[in-house]
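Biologist: Could you walk me through this one slowly, please? I am still learning how to read structures.
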Amino acid sequence: MEETLIALFADRAAVAGEYVDFLRLAAPALTLLLLLRCCLPLLTFKREPEIWAWLNMSDGAQIPITHWENVLGRSKSCDVTIQFPSVSRNHAVLTRYDDGSWTISDVGSKSGTFVNDRPVQICALKNTDRINIGGVEMQLQPITLRQEVRQAELRTKAASGWDTLINLMMLTLLQCMMLLGFLLRGERTDIVSIFQGFAGMMLCQWLLYLFYIMIRRKSFEVETIAFFLSTMGMAAIATVKPGETVKQLFALILGMVIFLILGWSLRDLERAKKVRYLAVIAGVGFLVITLLFGTEYYGAKNWLILGGMSLQPSELSKVCFVFAGASTMDRIMTKRNLVLFIAYSVLICGLLALMNDFGTALIFFCAFLVIAYLRSGSMGTVALAITALGFAGVIALKIAPHALQRFATWRHIWDDPLVGGYQQTRALMCIASGGLFGLGPEGGMLQYVFAADSDIVFATISEEWGLLMAIMTVLPVVALGFFAIRTARVARSSFYSIGGCTAAAVLVIQTILNCLGTLDILPFTGVTFPFVSNGGTSMIGAWGLIAFVKAADTRQNASFAVRLKKNKKGEKV
């Protein structure tokens with residue numbers, strides 16, 4: 001293969017210049033069209049709540065139950081608001097399970113929760129049971145299986161097969177155009193490695209698409225965005241470290257496997273409930289092992305060296321943290337659950353502080369804020385946590401010179417452009433030299449600066465592919481964040497809504513810290529750009545996070561984490 005490729009591009013110098021000029025203009029145009037086709041459906045889809053039961057009130061009113069976990073109380077933030085003085089702000093929780101059964105649990109209300117005139121803490125419900133909360137009587141009437149199937153038939157489908165196919169063909173065309181640019185301008189010794197990286201990635205995305213066809217899922221926008229970001233990352237690696245493109249491809253494959261395994265586990269909430277304990281142990285275990293046996297680089301002990309491979313286990317702990325934090329299937333409003341999760345979060349952040357990995361600790365803390373708010377609905381909890389972070393941050397800066405040095409450099413990179421501000425000053429100059437359309441593949445100078453394919457990868461993309469392409473690499477991550485917020489309002493389970501919103505928040509926060517840190521707008525933390533930065537564990541962790549975003553998608557035939565219903569003929573709808 002190597003001899004064939006070298007011979008094929010022996011006279012490439014003659015056409016490389018003209019083709020690169022074409023590529024600099026064509027790539028942004030094609031990317032813009034692709035992202036519009038992928039992001040607009042995520043931001044404009046019709047939100048259709050699913051009705052799973054009705055609450056028949058004593059006055060004859062019927063209240064639809066649209067989630068699998070529903071908070072009943074006087075507060076306006078409750079899923080079912082009951083304006084009655086003796087009803088507590090957060091009084092009780094109605095919970096549906098995978099087999100269609102329901103329970104009601106009291107969450108520390110003042111007047112208690114009663115079923116058939118008996119006080120209960122948690123109780124399985126039947127259709128004939130009389131529920132009383134704060135003196136207000138009601139009965140739960142679950143929908144029938146026939147109604148559930150009919151509801152699925154009437155829901156708007158996620159996307160047409162042709163739309164998905166066209167998007168994937170456009171992405172493949174973009175990848176082929178970028179690959180050809182590298183083959184024309186790259187070093188002959190790197191041709192095979194670059195070709196294998198891009199070709200392998202294209203094969204992976206088409207195999208995943210074919211798998212979706214087999215399981216009757218039509219929505220592929222989230223996955224297309226992930227592969228687009230991975231493409232930009234592969235382009236940066238092909239420039240800076242072309243020999244590692246194949247390694248990044250293997251990480252992408254492993255990330256896809258984790259993505260599918262998580263999606264399968266999320267299909268059954270009872271199974272997910274059992275797996276969460278394993279996630280809790282694994283999340284702490286990864287960090288403890290790193291703390292004991294890790295290697296310190298640039299002040300942070302967050303790397304684990306196994307043979308010739310370097311791993312960053314904290315990236316995997318993010319997935320475990322989201323899984324553990326979102327697991328609220330049994331009693332979502334109890335103080336005991338919140339206290340345990342706070343203790344778990346403190347333990348995680350404490351281990352990261354001992355490792356001097358304050359950038360990752362900040363990401364975990366932001367994820368904690370999202371989970372704490374979604375679980376409690378209390379801005380007071382979030383305000384208290386932010387205040388605690390302020391005190392902890394001051395202490396950390398006093399005892400950790402590594403973190404203090406980065407804060408000292410922030411907004412002063414030009415005062416020390418050869419040492420403390422070396423990376424960022426070079427990054428800013430190269431972004432400026434790239435302009436709107438870039439210098440073309442392997443046409444820049446930032447490739448010779450340390451971490452050009454990871455910590456300052458945003459600048460590498462800007463220099464070679466232009467500021468327009470760099471911005472369009474950021475926007476789809478932001479679109480995933482808004483998509484998670486939109487789906488949260490109609491999500492079946494709080495597990496899906498909390499998991500999806502938290503995972504998307506982690507991706508967005510990482511992107512912000514990476515890009516704005518490169519530009520010296522925020523402190524330079526060394527946080528990776530999801531899917532784009534070079535790093536196997538970072539890639540695996542990013543795929544694991546979008547599994548939660550995908551599971552929260554309630555559009556019909558969109559998520560493989562949602563089981564398809566069967567009609568009378570046994571056909572899936």
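This is a predicted model: local features need pLDDT of at least 70, side-chain atom pairs count only at pLDDT 80 or more; totals for chains, interfaces and linings use all residues.

Biologist: Is β5 mostly covered or uncovered?
Modeller: It is mostly covered, since five of the five residues in β5, which spans 92–96, are buried. Both faces are covered, with A92, L94 and R96 on one side and V93 and T95 on the other.

Biologist: What happens at G100, in the hairpin of β5 and β6?
Modeller: That hairpin has five residues between the strands, and G100 takes a positive phi near 90° there.

Biologist: New topic: where is K550, and is it buried or exposed?
Modeller: K550 sits in helix α18, residues 536–551, and it counts as buried because its relative accessible area is 1%, which is under the 20% cut-off.

Biologist: So what lies around the side chain of K550?
Modeller: A polar atom of that side chain lies 2.9 Å from the backbone oxygen of S219. Leaving aside residues up to four places away in sequence, K550 touches several others, including Y212, F220, E223 and F560.

Biologist: Now the rings, please: how many aromatic pairs are there?
Modeller: The structure holds 18 aromatic pairs. One of them is formed by W52 and W68, which are edge-to-face, 5.6 Å centre to centre with 80° between the planes. W52 is in the loop between α2 and β1, while W68 is in the loop between β2 and β3, 16 residues apart.

Biologist: Why do those two count as buried?
Modeller: They count as buried because the relative accessible area is 2% for W52 and 5% for W68, and the cut-off is under 20%.

Biologist: Last one: which charged residues lie over the ring of F45?
Modeller: The charged end of R486 sits over that ring, 4.7 Å from its centre, and R555 lies over the face of F45 at 5.7 Å from the ring centre.

Technical notes:
Residues are numbered from 1 along each chain as its sequence is written. Side-chain values use heavy atoms; hydrogens and water are left out. Buried means under 20% relative accessible area, exposed over 50%, partly exposed in between (1.4 Å probe, protein chains only). Helices (H or I, at least four residues) and strands (E, at least two) are DSSP runs, numbered from the N terminus. Two strands pair if DSSP finds at least two bridges between them. A polar contact is a pair of N or O atoms within 3.5 Å; within protein, one must be able to donate a hydrogen and the other to accept it, and residues adjacent in sequence count only if both atoms are side-chain atoms. Contact means heavy atoms within 4.5 Å. Rings of Phe, Tyr and Trp (its six-membered ring) pair if their centres lie within 6.5 Å; planes under 30 degrees apart count as stacked, over 60 as edge-to-face and the rest as tilted. A charge sits over a ring if NZ of Lys or CZ of Arg is within 6 Å of the ring centre and within 35 degrees of the ring normal.
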